[in-house]
Amino acid sequence: SVHAAALDTAQRFDEPTSAFARDAIEGLSKQPKQLPPKYFYDAEGSALFEQITGLPEYYPTRTELGILRQRAAEIGAMIPQGAALVEFGAGSTAKLRTLLSACALGAYVPVDISGDFLNAQAAALRLDFPELAIYPVTADFTAPFGLPHTVREMPKVGFFPGSTIGNFEPFEACGFLRSARKILGPGAMLLIGVDLEKDDRVLSAAYNDAAGVTAKFNLNVLARINRELGGDFDLAAFVHRAIYNRERHRIEMHLISRTAQTVHLLGRNISFRAGESIHTESSYKYSVERFNALARGSGWSPQALWTDPDGMFSLHALAA
Ligand code: AVI
């Protein structure tokens, strides 16, 4: 019977055992197809992202670092002495080092999903800042987590650079800001980097670099599905495309199927039409006004704002 045939098919599916497996199957079953951007960052993807941050077209990293260096004294003066700096997602330490040199922290609390990465980063920091107390927290910072009890009495300053908030959908960004406010507590401050809306050509170039590193970064999510979930994506059969969607204020990264094809993943057949896309990332760009509205709507009060002379990137100080 039809029912028995359906059951038989269902039983041939491998039960997805990891969040990655579940999210990949769910996203690839949607119409249009999509994959969550957080799966870009395995060891390979993190190394590719590091490379992106140094590309001539990718302005955000160097612009934000420039703002921090230029305004270090002013920013440092807003950070209470003996504060605990809680960094949401620990990345490269250049921005952090600039802050550390400009204020007198009581503790540094990096929060990241990768414990190995946190330990390596802490070891490197201890060499240059031997007095600094470092309390790494291994956690997914998009979900609620507890701060170490050792920092309970210290003033709290959250640090969320890189415009990582731009990779959240607006409702997720609001959820993150609310949860960060709860985690940091009353009287806290949040220093957050936000990429600004600008000329389409500048945005498009930043996500379609001439050296093709962003294309590799994008395609790596398919390579990761092959490596970790046993998929059979042919990377040469997909092409990277990043477009600016001005109505929705976001860069969209896509992987476009060159041909009609079927990919196999965990017992499923995933069919593509020629030209069909997998939407792999959105990178939202804000105006200062729209970001302030988002912050206020999430319970924060905008306190200070710094930008570069060309108005490419913004660094906001928010008060809980
Ligand atoms: C991490 N995040 C803020 C980057 C961005 O610009 O949205 C990720 C990225 N995607 C492509 N290039 C860089």
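Start with the ligand and pick Tyr58: an N or O atom in its side chain sits 2.5 Å from an oxygen atom of the ligand. That is a polar contact, meaning a pair of N or O atoms within 3.5 Å. The protein buries 96% of the 340 Å² that the ligand exposes when taken alone (Shrake-Rupley areas, 1.4 Å probe).

A word on ground rules: this is a predicted model, with local features needing pLDDT of at least 70 and side-chain atom pairs pLDDT 80 or more, while totals for chains, interfaces and linings use all residues. Numbering runs from 1 along each chain as its sequence is written, and side-chain values use heavy atoms, leaving out hydrogens and water.

Next, select the shell of 14 residues around the ligand; Tyr58, Asn167, Tyr207, Glu281 and Ser283 come nearest (a shell residue has a heavy atom within 4 Å). Colour by secondary structure: α3 (43-53), α10 (213-229) and β11 (277-284) each give two or more residues to this shell.

Now zoom out. The protein has 11 helices and 13 strands (DSSP runs: H or I of at least four residues, E of at least two, numbered from the N terminus). Its C-alpha trace spans about 70 × 45 × 40 Å along the principal axes.

Finally, select 21-319, listed in an unreviewed UniProt entry as "domain: Histidine-specific methyltransferase SAM-dependent"; UniProt annotations may be inferred rather than shown by experiment. This stretch is 37% helix and 25% strand.

Terms used
Polar contact = N/O pair within 3.5 Å; in protein donor to acceptor, adjacent residues only side chain to side chain.
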